[in-house]
Amino acid sequence: MDRLIQSGIQAKHLYLFGNVPHAPSEDISVSSNLRVAIFGTPYEKFPYNLLTDKLEEISASLKKPVELRVIGRQRVNEGLNQIRNISKEWNFSLSETGELSTQFISIELQSCDLGLCTTPYDVLGKSGATAAMLEHGLPVIGFDDGDTPKEKLFIFEQFSDQVFLLNDDEFTPQLLAFMQKKRKPFFDGVAHTTEEMLRILS
């Protein structure tokens with residue numbers, strides 16, 4: 001974006017919508033666990049040790065044990081192995097759904113309390129899986145790896161209050177405060193982007 005603008009080209013961010021449409025259902029399970037959705041390929045360089053510390057804080061505050069839910073088909077990689085390892089080390093429940101239809105992925109997301117984005121914060125907007133979690137109203141845990149100046153970071157305005165960075169000093173109190181609020185309704189990113197495209201082209 002910056003390079004385009006510096007070259008004299010008019011440019012703006014266009015929202016990348018999620019890849020999971022909302023599936024209305026009366027079968028959303030209610031759990032006594034703190035359910036954390038892991039949707040999308042886990043990034044191996046994510047600070048999983050810091051994540052466990054923060055999840056423990058949230059778990060203790062809410063008095064709910066942590067349950068990690070790996071949603072959808074996953075190829076085995078170092079990131080997934082690290083998730084399996086921390087679940088054993090910290091005694092977190094772990095479930096892996098395997099491949100699911102988009103309908104059942106939507107139902108899974110609706111049944112979770114938190115989402116986890118292991119993609120660095122400066123490229124979070126390129127993740128369709130993260131967009132799906134945000135569109136389903138989940139607060140999403142992320143991490144700023146610090147290789148992009150803060151003034152250059154961008155997140156879609158609709159979700160500006162839904163992303164919580166592990167390396168933020170106020171991470172835990174801010175996330176807990178958000179979780180006390182009523183869950184946001186589903187945001188139809190496809191309809192939004194279609195409208196934006198039509199507006200730009202008109």
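Predicted model: local features only at pLDDT ≥ 70, side-chain atom pairs only at ≥ 80, totals over all residues.

Reader: Which strands does helix H5 touch, and what angle does its direction make with that of S1?
Author: Helix H5 spans residues 128-135 and packs on the sheet. Its contacts are with S1, S4, strand S5 (140-142) and S6. Relative to the direction of S1, the direction of H5 makes about 145°.

Reader: What is the order of the strands in the open sheet?
Author: The sheet has 6 strands, with parallel pairing. Its edge strands are S3 and strand S6 (163-165), and each pairs on one side only. From one strand to the next, the twist averages 25°. The order is S3-S2-S1-S4-S5-S6.

Reader: What is the bridge partner of Glu67 in S3?
Author: Strand S2 (residues 66-71) pairs with strand S3 (residues 93-96). The sense is parallel, over 4 bridges. For Glu67, the partner in S3 is Ser93.

Reader: Which helix joins S2 and S3 in making a β-α-β unit?
Author: S2 and S3 pair in the parallel sense. The β-α-β unit they make with the helix is right-handed. The helix is H3.

Reader: Is H2 parallel or oblique to H3?
Author: Two packed helices are described by the angle between their axes and the distance between the axes. For helix H2 (residues 48-62) and helix H3 (residues 78-89), the axes come within 11 Å and cross at roughly 40°. Because of that angle, H2 is to H3 oblique.

Reader: Which residues of H3 does H2 meet?
Author: The crossing of H2 and H3 is right-handed. On the H2 side, the contact uses Tyr48, Leu51 and Thr52. By class, the contact has 4 nonpolar, 3 polar and no charged residues.

Reader: Why is H2 oblique to H6?
Author: Helix H6 covers residues 171-179. The axes of H2 and H6 come within 10 Å. H2 is oblique to H6 because their axes cross at roughly 45°.

Reader: How many charged residues are in the contact of H2 with H6?
Author: H2 passes H6 in a right-handed crossing. H2 brings Lys54, Glu57, Ile58, Ser61 and Leu62, while H6 brings Phe171, Thr172, Leu175, Leu176 and Met179. By class, the contact has 6 nonpolar and 2 polar residues. The number of charged residues is 2.

Conventions
Residues numbered from 1 in each chain as written. Heavy atoms only, no water. Axes fitted to C-alpha atoms, helices over the stretch in contact; angles between N-to-C directions. Helix = DSSP H or I, 4+ residues; strand = E, 2+ residues; numbered from the N terminus. Parallel < 35°, antiparallel > 145°, perpendicular 65-115°, else oblique. Left-handed = near helix turned anticlockwise from the far one by under 90°. Contact = heavy atoms within 4.5 Å. Nonpolar A, V, L, I, M, F, W, Y, C, P; charged D, E, K, R; others polar. Pairing = 2+ DSSP bridges. Right-handed = clockwise from strand over helix to strand, strands pointing away.
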